[in-house]
Every structure is written in structure tokens, then in C-alpha cells.
Amino acid sequence: MASTCLNIGVIMLLLLLPSTVNAQYNVIDVTKYGAKSNGDLTQPLTNAWKDACAAGKPTRVFVPKTTYYLGAVTLKGPCKGPVELQVQGTIKAPADPKKLKDAWVVIQSVDRFILSGGGTFDGQGQMAWSQNNCLKTSACGPFAINLRFDYVTNSQIRDITSLNSKFFHMFVFGCKNLKIQQVTITAPGNSLNTDGIHIGRSSGINITGANIGTGDDCVSIGDGSQDITITKVNCGPGHGISIGSLGKYPNEQPVNGIKVISCTFNNAMNGVRIKTFAASPSSGTANQLYFEDMVMNNVGNPIIIDQEYCPYHNCKGQTPSKVKISNVSFKNIRGSSATAEAVKLTCSKSIPCQNVQLQNINLSYKGSGQAKSTCQNVKPSFSGTQNPPPCKA
């Protein structure tokens, strides 16, 4: 028995040793490809990636802890084996937005990929923000996304920071079975269009333990998103966690199976939100949307459905949204609202929302008077605690 216990203990120790983990990967250090502190990482990273992608066995591209400068790169697959990009350093984008197009770092068409290491991708977006005229002219760039993931499958993004992106921080498109864990995303509250994580036409995406504070949505979910789970995200400042905006473009794909659970919002403009454009060019659907166990701390609109979304005031407001919203649940949401209208459900008058449920809602208004709720073109069901009192359509 003692011998058996000893053997088990040795096995467990070996599993925990870093050398055992490292032994599973062939390590490629970018410094061997000419990367230097405060130098240009573009070509060393590109060449290291090419060799890692062609290796045919698990390979780690290692970026040591120092500062580098990086131009636009596309790290493209398919690769012959799993590749991990382990960034411990700080990588800085060109400050001038004219030196980048629509994305800074693109990971494309790879399977079993890992991005990790505790490092920082600094988009140096200050100059781009000063040129962003969205609020006045609806001209929003285009500026470069910090990290774009296209057609990435069975992969992980963990323990990294995206700082001061010129535009969206992370853009997830056409991906399947992707985990985003313990990431930090930061930009000032007045930096326009710096969404934390945007998801489009992807499935099986799991975001957990993220700390996000930006000038736009902490997480935004676009058309074609299926089976998305968001848990334990801290959001603020920012515009909340949003499904949408939907209905802006023709032939958008359905959104289905979105779960947002155990998230905290601090001084955000919105909490949990569903938004669709007025005057949408074609029909669409958003179905099976669940928001549960939320804490709101001084949040502008803690619970909101907005089917008259028109951020630049150039919509045909008299034309209702053609996006059908159905099977929505808001459950166990508590805290404080920065506005009296703590619950606002504004659905389309041409396609009213169907089966909207509110259970155990307890939101106080921090100003004078009482919190209230409003509804248009929806007949929600209520159960449990309801503060503010239930609205009537």
C-alpha cells in the first residue's frame, strides 16, 4: 500500500512540474529569429509562426517579457499540429492609425490554438479615438481591431491583456468551440467603438472570468451567434453586455442560445441589453436569450430591450424593426440603477416580443423618487420579487 501511494504521489508531482508541461511542446523563441527589446517584432514573429505551423507536432511560439513593436500580422493556418502563442511581453501597435487597416493581429484558420502568457497587446489607440467622428457624422473609421480571430476552432485565449485598441479589442468571427478565459480588456470610457469582445457567426463560444472596461459594449453578440455562454465577467465602464445590434444589414443569420450568468456591472451605461435597429432591411430572429444572477452597481439601464436602436439619429424611426425576439429570461438581477427607468422593454410594433420573463428583479434608483419599468409591444410575465413594480404594455 505504501509503495502504491508513493507511486501515485510521484505521478502527481510530475504532472505539476513545468518541465513536464514544457516537454509536451517544441518551443520556438522569437529572440532566436532576431526579436530584440524595443525592436520590431513583425518579421521574427511571422517567421517563428511559419516554422511552428509547419512543425507537425505541438509547438509553442514564445515571446519573452520585454517591450516590442509590431506591424500588422496575419498568423494563418491550417497548421500541421497544435500551436501556442505564449506572450509574456508587451507588444505595441503603431500609434498612427493610417499604418494599419482593419486589423492589427489576425489569427486565421487554425485548430487547437492557444494564446496565453500574461502579456499585453497595446493598440495605442489614442490618436484613432481623436479622429473618430461617430457621434457627429456617423463616420467610424475604419480603424484597426487589436486581435481578430477568424475560423479558429477548438482553441483557447487566456491570461492576456488587450489595452487601448483603436477599434474593437477582440473580434471573433466564424469560430467554433473557443474558450476565452481570464482576459483583461481596458480602454477609457470615452474611447468610441472599443468593444471588448465582439462575436459574429460563431458557435460554442465560452467567455469566463474576464475584466472588461471600455468605451463601448463589454461584450457584443452579432448575427449568426449560436450557443454562447458568458460567465463571471466584470463590466465597466462601458455599454454593458449586448445582444446586437441586430438588423442593420440584409440577410442576417439567426441568434440562438445565449446565456449570460453571474456577471457584475460597475458604472456602466447599460447592464444586459438586446438591441435591434429600427428600419431593419430584412427580417431576423433572436431566440433563447437568458440573463441570470447579475449585480448592477450604478448602471444606467440595468435591463433593456431596445428595438428602436438608432445610435446616429439617421434611422427612419417610423419603420419598426423586423427582428423577432422570443424566449427571453431575466432572472435574479439586483443592485442599483443610475436612471429612474431601471427596466425598459421597447419591442417592435410590427413583431412584438414573445415570451419575455422577469423573475426576482430588485433594482433601486440612486436618485430621488422610485425606480420604474416601462414596456411597449410586449406582455412580459413576472414572478418573485419585482422592484421596480411590473410594467404594463
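**Rings and a cavity**

Me: Are Trp 49 and Phe 113 buried or exposed?

Reply: Keeping in mind that this is a predicted model, Trp 49 is buried, and Phe 113 is buried as well.

Me: How many aromatic pairs are there?

Reply: The count comes to eight aromatic pairs. One of them joins Trp 49 and Phe 113, whose ring centres are 5.9 Å apart with the planes at 65°, and since edge-to-face requires an angle over 60 degrees, the pair is therefore edge-to-face.

Me: Where do those two sit in the chain?

Reply: Trp 49 belongs to helix 3 (residues 42-53) and Phe 113 to strand 8 (residues 113-116), so that the pair links distant parts of the chain, 64 residues apart.

Me: And why do Phe 167 and Phe 168 count as stacked?

Reply: Their ring centres lie 4.7 Å apart and their planes are at 10°, so the pair is stacked.

Me: Which residue lies over the face of Tyr 25?

Reply: That is Arg 60, placed at 4.6 Å from the ring centre of Tyr 25.

Me: Switching topic, what is the volume of the largest cavity?

Reply: The largest cavity has a volume of about 40 Å³, and the count of cavities of 30 Å³ or more comes to one.

Me: Which residues line it?

Reply: The lining of the largest cavity consists of Asp 223, Leu 246, Glu 252, Gln 253, Gly 284, Thr 285 and Val 323, which by class gives two nonpolar, three polar and two charged residues.

Methods. Residues are numbered from 1 along each chain as its sequence is written. This is a predicted model: local features need pLDDT of at least 70, side-chain atom pairs count only at pLDDT 80 or more; totals for chains, interfaces and linings use all residues. Side-chain values use heavy atoms; hydrogens and water are left out. Rings of Phe, Tyr and Trp (its six-membered ring) pair if their centres lie within 6.5 Å; planes under 30 degrees apart count as stacked, over 60 as edge-to-face and the rest as tilted. Helices (H or I, at least four residues) and strands (E, at least two) are DSSP runs, numbered from the N terminus. Buried means under 20% relative accessible area, exposed over 50%, partly exposed in between (1.4 Å probe, protein chains only). A charge sits over a ring if NZ of Lys or CZ of Arg is within 6 Å of the ring centre and within 35 degrees of the ring normal. On a 1 Å grid over the protein atoms alone, a cavity is a set of points where a 1.4 Å probe fits but cannot get out, and a pocket is an open set with protein on both sides within 12 Å along at least five of seven lines; lining residues have an atom within 4 Å of a point. Grid points are joined across faces, edges and corners, and a volume is the space filled by probe spheres set on the points. Ala, Val, Leu, Ile, Met, Phe, Trp, Tyr, Cys and Pro count as nonpolar, Asp, Glu, Lys and Arg as charged, and the others, Gly among them, as polar.
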